[in-house]
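Hi everyone, thanks for coming. Let me put the sequence and the structure up on the screen so that we can walk through them together.

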Amino acid sequence: MGSAFDRSPEQQALIADWAPPEIDTTKPHSARMYDYFLDGKTNFPVDRLAAEQTLAAVPHARTAARANRAFMLRAVDRLARLGVRQFLDIGTGIPIEGRNTHDAAQQVTSDARVVYVDNDPIVLAHARALLSSHPDGATAYIDADVHDPDAILADPSLTETLDLDRPLALLMIAILHFVPDEDKPTDVLRRLTDRIPSGSYLALSHLTGDFDPVTTTGGVAAYRRAGIRMQVRSRAEVAALVPDGWELLEPGVELVSHWHPESEADLPDPATVGCYGLLARKR
Ligand SMILES: C[S@@+](CC[C@H](N)C(=O)[O-])C[C@H]1O[C@@H](n2cnc3c(N)ncnc32)[C@H](O)[C@@H]1O
């Protein structure tokens, strides 16, 4: 019996039989480690080793990854129901069949348009799965780094797909903990949000050590040993990422599992989630 996180046979064949030369299989990558936590098959031995070392430090990492992806899908569903028709999803991750931004948005409104952005070549190799838009809507993929917002916003794939003069939803889901303070994440966000109009939304999720600091420190160290810079942030630090002129929507900065949950029953122990989510709106 397959799980909701299974990949399509086409994706599995791609990763089993062939890795494009631009994919470095000697170093762990965050997208492929996340894929491993979600029981995906799009990862290599080096990613599995780094992910297992993270799991040794943070045994609940899979719970956190699942809660985060579920938050993303609930946030996109909510945004589509609020009338959002355009989405810019930065830090897309490896596609999961039927559980991507355009799947959730186009389930509500078939004309939703989504631009995906990631800097990992493995996501690029799977971008075709992200481009399976409903014919009423559209999707596009940009291979770019979040540290260069100007390049993202000027990319023809973006300007041909999204109208930057009309409100859109910017998704920054589980990416900004890979942008440490020395890279000025607030500047990165401001440069993105300055260019989008009032009435736009920001959906963001971010790892935190607020609920289990010792374990989280071990997880950050495991990522660093794998060569991936990571910085977790407190509730106040995550709230401070929201640019001036944006209002936080209910319930504010909340654990992803507790943010408008489908059911109040069986909510996980906060210490096993360790990831905040939020929705904000530009005034
Ligand atoms: C933890 S995954 C999150 C995937 C998806 N947003 C989700 O929450 O399910 C983080 C993603 O951010 C991407 N990423 C990390 N650093 C990045 C950067 N500097 N620029 C663009 N993407 C980046 C990784 O390649 C990975 O696909």
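This is a predicted model: local features need pLDDT of at least 70, side-chain atom pairs count only at pLDDT 80 or more; totals for chains, interfaces and linings use all residues.

Residues are numbered from 1 along each chain as its sequence is written, and side-chain values use heavy atoms, with hydrogens and water left out.

So, what surrounds the ligand? There are 19 residues around it, and the closest are Y34, N68, R69, G91 and D118; being near here takes a heavy atom within 4 Å. By class, this shell holds eight nonpolar, seven polar and four charged residues. For the classes, Ala, Val, Leu, Ile, Met, Phe, Trp, Tyr, Cys and Pro count as nonpolar, Asp, Glu, Lys and Arg as charged, and the others, Gly among them, as polar.

Helices α2 (30-37) and α4 (61-81) each supply at least two shell residues, and α2 gives the most, with three. Helices are DSSP runs of H or I with at least four residues, strands are runs of E with at least two, and both are numbered from the N terminus.

Now the polar contacts, meaning pairs of N or O atoms within 3.5 Å. The side chain of Y34 places an N or O atom 2.6 Å from a ligand oxygen. On the backbone side, a polar atom of V146 is 3.0 Å from a ligand nitrogen, and one of I173 is 2.9 Å from a ligand nitrogen. The protein covers 95% of the 600 Å² of accessible area that the ligand has on its own (Shrake-Rupley, 1.4 Å probe).

Where does the ligand sit? In the largest pocket, which counts when more than half of its atoms lie within 2 Å of the grid points. A pocket is an open set of points on a 1 Å grid over the protein atoms alone, with protein on both sides within 12 Å along at least five of seven lines; lining residues have an atom within 4 Å of a point.

That pocket has a volume of about 1000 Å³, the space filled by probe spheres set on the points. Its lining has 50 residues, and S30, A174, H177, F178 and Y223 are the closest to the centre. Helix α4 gives the largest share, six residues.

Finally, the backbone. The E250 to P251 peptide bond is cis, with omega near 0°, and P251 is in the loop between β6 (246-248) and β7 (254-255). D39, in the loop between α2 and α3 (45-57), has a positive phi near 65° without being a glycine.

How values were computed
A polar contact is a pair of N or O atoms within 3.5 Å; within protein, one must be able to donate a hydrogen and the other to accept it, and residues adjacent in sequence count only if both atoms are side-chain atoms. On a 1 Å grid over the protein atoms alone, a cavity is a set of points where a 1.4 Å probe fits but cannot get out, and a pocket is an open set with protein on both sides within 12 Å along at least five of seven lines; lining residues have an atom within 4 Å of a point.
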